[in-house]
Amino acid sequence: MNQGEHKPGWKAELWDWIKTIVVVFVVMMLLNVFVFNLSMVKGQSMQPTLVERERLFVNKIIYDFSAPKKGEVVVLHDPSQDNTKKDFLVKRVIGVSGDVVEVKEHKLYINGQLQQEDYIDVDIQDEDFAGIKLGEDQYFVMGDNRHLGESKDSRYFGTVTSDLIVGRAEFIFWPFNKIRGL
């Protein structure tokens, strides 16, 4: 070691670590606010696709560039106005602007066409309803659990608008043995 050189002290190294941790924390917070979110499934409304306590990676910027599409699993603010209101819900987009959504004989129809829903394990057990025409920026969302009363969705609170949709659930990242895209 030369006369003018000296080893940085532990205080300098600690300060470098603190700065690095703060920068990483700030970057992660900004990404979490504007780009993605990590969410945990609560409840059974999306079974069999999603089960309670699975963790989801949610893409928050996708809908800044395109509109939600039929079949996508989304996280949205709960539009309910009663004591069952939660912060967020996970649902599947069933219908988009211009669609007519109806349930007859416990089967889902979009624009008069019977839907093949490979992600459900039972016919709709809740009541049938007549066609609902979706207007501009309206989405009809439902949980994949079609057992009687198991999903609070558009059949309960009506259609939702894009400002309520937080983002698209891209994949399950926890538990590790269930990692898969949605």
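This is a predicted model: local features need pLDDT of at least 70, side-chain atom pairs count only at pLDDT 80 or more; totals for chains, interfaces and linings use all residues.

Trainee: Where is Glu105 found?

Mentor: In the loop between β5 and β6 (107-110). Those two strands make a hairpin with two residues between the strands.

Trainee: OK. Which other hairpin has a positive phi in the turn?

Mentor: The one formed by β6 and β7, with two residues between them. Asn111 sits in that turn, and its phi is about 55°.

Trainee: Is Asn111 exposed or partly exposed?

Mentor: Partly exposed, because its relative accessible area is 40% and exposed means over 50%.

Trainee: Now the sheet. What is the strand order?

Mentor: β7-β6-β5-β8. That is four strands in an open sheet, with antiparallel pairing.

Trainee: Which strands are at the edges?

Mentor: β7 (113-114) and β8 (129-133). Each of them pairs on one side only.

Trainee: How many bridges join β5 to β6?

Mentor: Four. Look for Val101, which stands opposite Ile110 in β6.

Trainee: And on to β7?

Mentor: β6 and β7 pair over two bridges. Ile110 turns up again there, opposite Gln113 in β7.

Trainee: What about β5 and β8?

Mentor: Three bridges, in the antiparallel sense. There, Val100 stands opposite Lys133 in β8.

Trainee: Changing topic. Which residues does a cis peptide bond join?

Mentor: Gln47 and Pro48, with omega about 10°. Pro48 is in the loop between β1 (36-40) and β2 (55-59). A cis bond also joins Trp174 and Pro175, with omega about 5°. Pro175 lies in the loop between β10 (165-174) and β11 (180-181).

Trainee: Let's go inside. How many residues make up the largest nonpolar core?

Mentor: Twelve, among them Ile62, Leu76, Leu89, Val93, Tyr139 and Phe157. The elements giving two or more residues to this core are α2 (62-65), β3 (73-77) and β4 (88-95). Another core, of eleven residues, lies apart from it and includes Leu56, Val58, Val166 and Ala169.

Trainee: What is Tyr139 in contact with?

Mentor: Beyond its neighbours within four places in sequence, Tyr139 is in contact with residues including Pro68, Val93, Val96, Leu134, Val160 and Ile165.

Trainee: Why would nonpolar residues gather like that?

Mentor: As a general rule, nonpolar side chains tend to be buried together in soluble globular proteins.

Trainee: Last one. Which residues make the nonpolar surface patch?

Mentor: Trp10, Leu14, Trp15, Ile18, Val22, Phe25, Val26 and Met29. The patch covers about 840 Å².

Trainee: Where is Val26 found?

Mentor: In helix α1 (residues 10-34).

Trainee: Is Val26 buried or partly exposed?

Mentor: Partly exposed, because its relative accessible area is 42% and buried means under 20%.

Trainee: Great. I'll go back to the hairpins.

Mentor: Good plan. Start with Glu105 in the hairpin of β5 and β6, then find Asn111 in the turn between β6 and β7.

Technical notes. Residues are numbered from 1 along each chain as its sequence is written. Side-chain values use heavy atoms; hydrogens and water are left out. Patches are made of residues with over 30% relative accessible area and no salt bridge: like charges are joined within 9 Å, nonpolar side chains (Val, Leu, Ile, Met, Phe, Trp, Tyr) within 5 Å. Accessible areas come from the Shrake-Rupley method with a 1.4 Å probe; for residues, only the protein chains shown count as cover. A salt bridge is a side-chain nitrogen of Lys or Arg within 4 Å of a carboxyl oxygen of Asp or Glu. Buried means under 20% relative accessible area, exposed over 50%, partly exposed in between (1.4 Å probe, protein chains only). A nonpolar core is a set of buried Ala, Val, Leu, Ile, Met, Phe, Trp, Tyr and Cys residues joined through side-chain atoms within 4.5 Å. Contact means heavy atoms within 4.5 Å. Two strands pair if DSSP finds at least two bridges between them.
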